[in-house]
Amino acid sequence: MTTPHRSRRRQSRQPLRHPAQFRTSTLKEPVMLVDLSSAGCRIEAMGIHLAEGQRVVVRPQGFEGLCATVIWSEYGAAGLAFETPLYQPLVDHLCRLSNMPRREAVTVAGTPSSTLRRRSPPASASARAASPDAAAAA
C-alpha cells in the first residue's frame, strides 16, 4: 500500500504480519502489525479509525506494550510513531518471527533509550507438574 505518508518517514519500514493488541483509553482491539521500523509501525484492523495525534498502546503478541502516537489513519489502517525508538535487533527479530522477506535495515543515529523485552509465556499446569521442583514438593 503506497500512501503519501511514506515520503515523510525518516526510515524505511520492514514488512511483517504479526498479531498485536491495540489499546486506547476507550478501546481494546486485536490488530495486525503490517510494517515496522524502530521509529514506528503500521497497523491494520477492520473498521479502525483513529484521530491524528491520539496516544495509544500497541502490544505485539508475546511482547510488552509500546506507547505511540497516531500519525495518520484511513481505511482500516493507521501509522504510529513510537514514543521511544525500538532497538534495531528487536525490529529484526519481530520481522524474522513473521517469516516475511526483509528489506535492508536502516540504522538509526544515536542509541535508543529503551528496548522491548520478550514476555515469558505462562507455564501450563502439565509443565509445572513435570518440573523437578514440583516433584520434590510432592
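Predicted model: local features only at pLDDT ≥ 70, side-chain atom pairs only at ≥ 80, totals over all residues.
Which side chain makes a polar contact with the side chain of Gln14? It is the side chain of Asp92, at 3.5 Å.

**The chain as a whole**

The protein chain has three helices and six strands. The chain holds 138 residues, and 36% of them count as buried. Among contacts with a separation of 6 or more, 58% link residues 24 or more positions apart.

Gln14 lies in strand β1, while Thr24 sits in the loop between β1 (14-23) and β2 (28-36).

Are these two residues buried or exposed? Gln14 counts as buried because its relative accessibility is 3%, and buried means under 20%. Thr24, at 11% relative accessibility, therefore counts as buried too.

| Residue | Relative accessibility | Class |
|---|---|---|
| Gln14 | 3% | buried |
| Thr24 | 11% | buried |

Which residues does Thr24 touch, leaving aside those up to four places away in sequence? They are Leu50, Gln54 and Val56. So that you can find both places in the structure: look in strand β1 for Gln14, and in the loop between β1 and β2 for Thr24.

How values were computed:
Residues numbered from 1 in each chain as written. Heavy atoms only, no water. Helix = DSSP H or I, 4+ residues; strand = E, 2+ residues; numbered from the N terminus. Buried < 20%, exposed > 50% of the residue type's maximum accessible area, 1.4 Å probe, protein only. Contact = heavy atoms within 4.5 Å. Polar contact = N/O pair within 3.5 Å; in protein donor to acceptor, adjacent residues only side chain to side chain.
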